[in-house]
Amino acid sequence: MPALTIFRNFTTRPFAGDDVHIVCILLGFYRIIQFICIIGLVVITWLDHISGNTLLINGIPYHCPQFDATYLNFTTASSLQLSEENDDGQSLDTTNNSIEFKNMGYNVFYLSTASLYLVGEMVWLIMVWSVASIGTPTEPGRRDKYLRNLIKVKMFATSIIPIALVAFGIVSIHYFRHNNYGCGNDVPDQSTTIRSRTVQSIVSVLVVTYALELLQHLTRGKAGDMYVGLRMLARVQAERRVDAIKTMAEKSKSLPRGEFQMKRRRSAIEILEANDSGDYKIDERQLLVDTNDEDQCLMDDAAYYSKYASYIYVKLRNIVTDVFMIDEEVKRFIRPLEDLYRCDYSLESVGLNNSFMCYANFENGIAETPYAIIIDKAVEKIVIVIRGTRSLEDLVLDLQFNPESLANIGKVCGFRGEGYYCHQGFLFRSMWIYNDLKSQRTLKNLYSQDSPYSNYPLCFAYEPPGCVFDLELAKLTKDFIVSFVRNDDLVPRLSYHNVDKARDEFYNILARIKVPKIQLYFDLKAECSDESVAQRNAKVLKRKRLISTETEFYRKLKEFRFERSEKTRVGVNSIRLFLPGKVIHLVDMKGDNGASSYVPYYARRHQFNQVVMSDRMISDHDIHYLVDILENTRLCGDFKVISTAFMSTPFILDDEEDPDVDIRLFMCCSNPYGKIPVLMSLLTTIALALTLASHLGCRMYISTHPDLPEGWRISHGLYTYSFVQCTSADAMCDSLKEYDRVGDW
């Protein structure tokens, strides 16, 4: 958890010591790519030696057109020097009139260095992986000491090697491209040849991996802590829910059957509600039923107007540009005030046959937000639809959830705002909408005395943030605002106090971890049932009273909590904000076939005082899918069965403990067989590098031969099997073409 200090002012921030596994995995991926590329280059070089394609004549490689057209193609891996003239009598070399034959050995150093570096880095990764698995996130133990030394070795001893490999690779690729791959610029482009294209691609991949490795230190993030912390927080919340259900089940068994049934109301649903400490209790809430006309009308209206909330995101803008033929750069759609009631500018293209647009503003900025005014003649209502979060500017405003007093805005708008507070970002944009409506006068004309649309409809807030109004103001708005929350949606649970509490629980979870983070990661990847969640959590988390208070992490956490408590205790941050109006929660009651079936009930605002860690906490915030849910939700009259099913469906209680599960997962660089395989691999790589060097540049044995013309000499390599002899009848050869191979040497 704390960053590892390498020197006085140089740390691994934002990575902690046990976050190095992430770097090891990424570097291990690079090593796999480099291993494949090096093996490919070795195979290509090996095949070239066997076929004699490594011979350079006057610096010209075998794949060039002038190679076969001018000279004899020796199948050898040696260096020959000859004082001779070509067929045209011209000297091929200005130095001593000699033709120079030599090996294409420029890649010996590159392959050898890359191979040795690969093996050395694999050994380094094994050591780093093993050391990073020591200790816990908040109690590093000896981990930091060992990692500090390993990182110093990486920084000062081996970092120069990838720099050299990158530089040599870039220079080589540039040289060969500039020189037409050794063939010169007098011949056609040779980049299309198979060998040139293959070698160039492999070397390019190697250079890219080395360059990415050098940029690795620029990586930012604390993905390791965030992942294990949030996933463990979700498991702790699941354990608390299971404990609450078990407590209720034991309580129901102790009561007489008839007395327990009398405590449960008809048309009610039993839900789990979290208190301020994070523990859960089971409570009953009233369901919306079809026998209640008010409930049925409310759900019908919510489903009807949700289409407008969905269309403001994209469809209304497309109608203005494509159907009304307004230029895309125009941000506003304005109708003349005198023809507001005419049936023009219909929205029938999106299925709203009786709806007509009066005004729309599609500006989006820190203060500006898209909204539209629409007349719906089918219900004789004026619909004002405001877009939700869709851009980065919207997100910035959403996160400004500090309480803001309504005293000043109340004086401007003509209401008493002293003592009332709301979402700071929402207030900022509401002021912009208010001023825009006032300047356009469209709404004022629609609600004039002569207007047929004098009745104000309800305000439906679909998946709003959980920090809109203070408690008293939220209660005052229950007669005209209805907020809808879908299942585990994160946004209606976002508030200053909820985020602060979730952060505090997150740090508590990190302090309670008693196993290495990599071990916890694999434990979290394994499936965990509700009946075994307590047992699994006990294996990786210590009790709260056993948290060590002597660590640097705990000391900094204590200072942080004190600072936060001072800010929360005084000032506007001490005021809690809640969902506005009447709150309806849509819970997903999955059946046996796994299909979703949502049930609505009237929820309390305090029910959303905790961020629920769930796999669907983000996906549940989708206005387009919410439209389908509201349209397909059907209220029912008999809810006794549903109440029981909701209590038991999410959790299957079983008194028997699950047996211990031995999780066997492949762990990269785990080194399960000790040092012997590492040493053997290192020696094998060194032998391979030396073999490559001998294959490519062996000049140990130099000799002459009676059949060779005077002045010829040959350097024996490992693949030198044959020499040449004169095939002319008079044994007088004037050119290289008259010589042929003979004998095995």
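What share of the 745 residues of the chain count as buried? The figure is 47%. Buried means under 20% relative accessible area, exposed means over 50%, and partly exposed lies in between, with a 1.4 Å probe and protein chains only.

This is a predicted model, where local features need pLDDT of at least 70, side-chain atom pairs need 80 or more, and totals for chains, interfaces and linings use all residues. Residues are numbered from 1 along each chain as its sequence is written, and side-chain values use heavy atoms, without hydrogens and water.

The chain has 22 helices and 24 strands. These are DSSP runs, numbered from the N terminus: helices are H or I with at least four residues, strands are E with at least two. Contact means heavy atoms within 4.5 Å. Among contacts with a separation of 6 or more, 69% join residues 24 or more positions apart.

Now the cysteines. The structure has zero disulfides (pairs of cysteine sulfur atoms within 2.5 Å).

| Residue | Relative accessibility | Class |
|---|---|---|
| C297 | 42% | partly exposed |
| C358 | 1% | buried |

Next, a helix pair. Helix α16 spans residues 496–512 and helix α19 spans residues 552–569. Their axes come within 12 Å and cross at roughly 165°. Axes are lines fitted to C-alpha atoms over the stretch in contact, and angles run from 0 to 180 degrees between N-to-C directions. α16 and α19 are therefore roughly antiparallel (angles over 145 degrees). In α16, the residues that meet α19 include Y496, R503 and Y507. Their partners in α19 include F553, F560 and R564.

Notes:
Parallel < 35°, antiparallel > 145°, perpendicular 65-115°, else oblique.
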